[in-house]
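Colleague: I'm new to this one. Can you walk me through it?

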Amino acid sequence: MNRPVPHPTRHLLMIVAGFALWALAFVLLYGTQATGCKAGWHLVEMGPANLLRLVLALLFLLHLGAMLALVRYLRRQVVPMAGPVRFLNRVALFSAWAAIASTLFTFVWLFWLSPCQ
Amino acid sequence: MSDTLSPIRLHKQLDAIWGNGKGLERLAAVNHTVIGRRFMITALVFFLIGGVLAMLIRSQLASAQSPFMDADLYAQVFTMHGTIMMFLFAIPMFEGFAIYLLPKLLGARDMAFPRLSAYGYWCYLFGGSMLVVAMLAGVAPDGGWFMYTPLSSRPYSPGINADFWLLGITFVEISALSAAVEIVVSILKLRAPGMSLERMPIFAWYMLVVAGMMLLGFPPLILGSILLELERAFDLPFFDPTRGGDPLLWQHLFWLFGHPEVYIIFLPAAGAVSTILPVFAGRPLAGYRAVVIAVIAMAFLSFGLWVHHMFTVGIPHLALGFFSAASALVAVPTAVQFFAWLATLSHGRPRFSIPMLHIFGFFFTFVIGGLTGVMLAMVPFDQQAHDTHFVVAHLHYVLVGGFLFPMLAATYYWLPHLTGRMAVFPLAKPAFWLFFIGFNLSFLPMHLTGLRGMPRRVHSVLPEWGLETLNLISSGAAFIMTMGVALYLIDFFLLARFGRIFRRNPWRAGTLEWAMATPAPSYAFASLPAVTERADRLDADRLGGELAAGRGYLGFTRHGWMETLGVEMLTGRPQQLILLPRQTYLPLWTALATGLFFVLMLAKLYWFTPLALLLVLALFMGWARQTGLREDKGLLPVGRGIDLPPHGECEAAPSPMAMALTLTANATLYGSLLFGGLFLWVSAPGWPPPGTPQPMMAAVGIALLGLVIAPLAGAQAVTGIESGKAGRWLWLVAGAQGLALVALAMLLAQWAPDRTGHALAAICFIILCYVTLHCLMGLVFALYGRWRIATGHVSARRNLDLRLGLQWQCYTAGAGLLGLTFIHALPWLASLGGMA
C-alpha cells in the first residue's frame, strides 16, 4: 500500500486550479466588459486606450500572473518519484500550462477588438 | 461471520442479503445493477419514441408544402424529438451505464448511495412519462427543445404545453443531479483497496469529470425553468422586457447548461471508447495522463462557449471574440484524445470486432461534426448558417457520432456482461451499415440545404427554394437508418435470448468488471480485490476465481449487513467499512410524492403544493430511520488482516462529501440567480424602476444575527456531544433559525407587493425566498439532529448527522449574508443605471 497523504483534497483540487483561474478570468473579463460598457468606461480616453480596455488588460495580466505563480508553486512542490501525489502534481502542472495557453488564446483580443460595439 | 466458505456457499449467503425480491418486491430494489439496467432500458424506450418522432419530421419535410402535419402539431413533434433525445435518452442512458458499470470497474459492491440511485430513477421515469402523456394528450411542449422566451412566456404560449416542459424537465433533472453526486462520491471513496487515482480505469476519470460538470451545468437550467415557471404561474417578470426583464436572460441560463451538456453527453461515450479500444488494440491506452488532462481541459472550456449559440443576438465584438476563441479552442483537447486513440491502435495489434466497427463509425462521423463545429465557432460563418439546417446537420453529426456510435460499441462490448451471452447471429454488421449509410445520406445533404438557406423548425418546404430533391434524399435515408435500428433491436434480442453462454472475460480485457460471474450477481464481487497495478492491466481471469473463492476483502457475511469498503481517495488505502442500506420502497414513495408536487403545480393547485413538499420531507426522514448504528462498533475485521471502523465512525465518511457536492450545485444555482440580477441591471430595458423599497434595517439585522448564530451553535453541538450538551446547542440553532425566519418573513412581506411590477423587485423577492427556504431547512436539520440524539444514533464517534447539519447551517449563513447584501446592492446599482 502507498503511504498516507496529508492533504488529499488539496492535491485533487490542484488538478483543476489552472482552468479554474481561466474560468474566473472569463467571468471577470466578460462581466467587466458588460459593466464597463454600461458605465461608459469606454468613453473615458486614457492615452492610446480607454479606461475599459485598461481595466480589462489589468485583469488579464493579473490572471496570467496568478497562473504563472501556480505553475511555479507546482514545480517547486516536493513530490515522491512515483505514486498518486506525483501523478496529480504532473496533471496539475500540465493543466496549468494548458490553462495559460488557453488564457492567451481566449482573451488576447481584448487589446484591439471594440469592447462595446 | 464465518471464516472459510466454499464459493457456492458464499454466493448463497451474499445473494440472500444483496438479492432483490420477486414480484412487486422488485420495486424495492436499490441495487446498482438493477437500477443501471432500468435506466438503460427506459432510455432505450424513450429513444425509440424520439426516433418515431424523427420519422414524422422527415415525412413532413420529404416533399414541398406537405399536408402531413399542420404547423402546431409539427411544433410539438420537433420539440418533443429534441427534448426526448437530449433529456430522456442521452443523459439517462449514460447515467444508467455509469451506475451499472462504475462499481464493477472500481472493485466495489455498489454505489455510495443506492437509495439515491433508485430515487433518481423513479424521478426520471415519472418526469419523462409526464412529457409523453402530454404528447399523447396533444398538449406537448411546442416551443423548441430550448424553450426560448418570449415564445414560451404566458402571452405567446398560454396553454399548459410549456408548463409540461418546465416542470417535467426539472423533475427529470433531479435524477441527473443525484447521479452526479453519487458518481463523484463513489469514484473518490468506493474503490478497491490499492486502487490509487493513477491506477483508476480511464473511464472513471471521464465520469469523475462529467459528474463534476453536471453539478455545475444543470443548476442554471433548473434555475431558468423555475424562473420561467414563476413568471408563467405568478407573473414575476424575469423575462418580460416591458417590466425590466429580458428574454436573453433565458438564453444565457439555458445555454450555460446547454453547451456543457453536449460535452456531458460526449465524454462518457469517449470514456467508453478509451476503455474498449485498448482491449482490441492489445495494449493499454497511450497517453493516459494526457487524456486525463485533455478531459479536464475540455470540461472547463465547454463552459466558456455558451454564447456561441447567441452570436446573432447583438453582442459586442470583444465578447464575440472571447466565445469564438473558446469555441475553437475546445477542438484541441478533443484532438488530444483522438491522437491517443490512434497511437494506441498504431502501437498495438488491433483485432477487428463489432465494437471496433462502431468505433470506426464514431471516428468518421464525429470528426465531420467536430469540423463543422469549428466552422460554426467562427462568427461570420455562424451568422450566415445560424438557425439553418446546417446547424441541424452539425448537431446530429456531433451527437450521433459522439454518443450513439460509441454507445453502440459499448453495448456490443458490455451486452455479454449484462446477459452472460455472446452474439451468434451476424446481424450486427448489416445493422451497422444500414445505420451508418442511412445516417450519412440523411444528414450530409442537410449541410447543403442549410447553406442554401433552409431554416430550422419550419414545417413547410416551399417549392421555390429548390430543395425538394435534397430533402427527399434525407427523408428516404432516414428510413434506411430506421431499418438499421430495427435490426439492432432484433440482434440485441437474439443475443440476450439465444446467444452463446461463455464463462468469463470474452474480450480478454484487463478491467475488473470481467473478474466476476456474468450476468453480474447482485453483490457484484464475492470478495473485493487488492489492486497493485493500473486497473486496466489486470488478469481478470485469475482474479475472478480468487475473488469468487472469497480470497479478497470482505469474503464473508456479517449480521446481514450490506458491506463494501471505503478508501482514502488519493492512495486507495482502506479507510472505512461502508454499510449500505437494504432494499426499500422509500425511494419509490418519495419519487411519487415529488411527482405529486409537480402534478399539483401543473394543475395550478398551488396552495396544496406545500403539503406535497411536507410529504417529501417526511419520507426523506423515513430514509434516515433505516440509516446508522445505535452503538459504537470500533474496529471491525474486513479480511486480509485489516480492521476498519464502520463509515459512521469515520471522519472521512462519504456523506459529508455528498453534502458538500450538493451544496456546490446549490451554490451554482444561487450564483446563477445573482448573475441573473446583475445581467438584468446591465442589459435589460426599463432600469432603474420608478421606486424600490428600502429593506427594513431592523429586520435585516435580526436575520443576520440568526444566520450567524446558527452555524456557531451548530459547531458547538458537534464538539459538545461527549459532554452531553449537543442537544441544548441544537435548540439554540433552531431558535436562531426561527429568529432569522421571522425577520425574513417581514422582509418578504415588504417586497411582495412589488414583485410583479418590475424584475428588480422580483429578483430580490426570489433571493429572499431562497434564503428563507434555507433557514427553514436549517431549522429542520437542527430538529433532526435532536431526534437522532434522542434515538441513540449520535455519539462522539458517530457524529455524522450533526456534521451534515453544520454544513447546511454554514452554507445558509453564507448564502443569507450574500443575499441580504445583494438586495441592498442591486437597487443601489440600479440607481446608477443612467451613467453611460
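Modeller: Helix 14 of chain B gives the nonpolar patch its largest share, three residues. Helices (H or I, at least four residues) and strands (E, at least two) are DSSP runs, numbered from the N terminus. This is a predicted model: local features need pLDDT of at least 70, side-chain atom pairs count only at pLDDT 80 or more, and totals for chains, interfaces and linings use all residues. Residues are numbered from 1 along each chain as its sequence is written, chains are lettered from A and ligands numbered from 1 in the order in which they are written, and side-chain values use heavy atoms, with hydrogens and water left out.

Colleague: Which residues make the nonpolar surface patch?

Modeller: Phe360(B), Phe364(B), Trp433(B), Ile437(B), Leu441(B) and Ile473(B), over about 520 Å². Patch members have over 30% relative accessible area and no salt bridge; like charges are joined within 9 Å, nonpolar side chains (Val, Leu, Ile, Met, Phe, Trp, Tyr) within 5 Å. Areas are Shrake-Rupley values with a 1.4 Å probe; for residues, only the protein chains shown count as cover.

Colleague: Is Ile437(B) buried, partly exposed or exposed?

Modeller: Partly exposed, as Ile437(B) has a relative accessible area of 41%. Buried means under 20%, exposed over 50%, partly exposed in between (1.4 Å probe, protein chains only).

Colleague: New topic. Where is Leu760(B)?

Modeller: In helix 22 (residues 759-790) of chain B. Leu760(B) counts as buried because its relative accessibility is 1%.

Colleague: What is Leu760(B) in contact with?

Modeller: Beyond neighbours within four places in sequence, its contacts (heavy atoms within 4.5 Å) include Trp687(B), Trp751(B) and Leu826(B).

Colleague: And strand 4 of chain B, how many of its residues are buried?

Modeller: Seven of the seven, residues 574-580, so strand 4 is largely enclosed by the rest of the structure. It pairs with strand 3 (residues 562-567) of chain B in the antiparallel sense over six bridges. Pairing takes at least two DSSP bridges between two strands. Val567(B) has Pro574(B) as its bridge partner.

Colleague: Which residue takes a positive phi in that hairpin?

Modeller: Gly572(B), near 80°. The hairpin has six residues between the strands.

Colleague: Last one. How many residues does the contact take from chain B and chain A?

Modeller: 41 from chain B and 46 from chain A. The two chains bury about 3,900 Å² between them, 80% of it on carbon and sulfur atoms. Buried area is the accessible area (1.4 Å probe) that two parts lose on being put together, summed over both.

Colleague: How many salt bridges between them?

Modeller: Zero between chain B and chain A. A salt bridge needs a side-chain nitrogen of Lys or Arg within 4 Å of a carboxyl oxygen of Asp or Glu.
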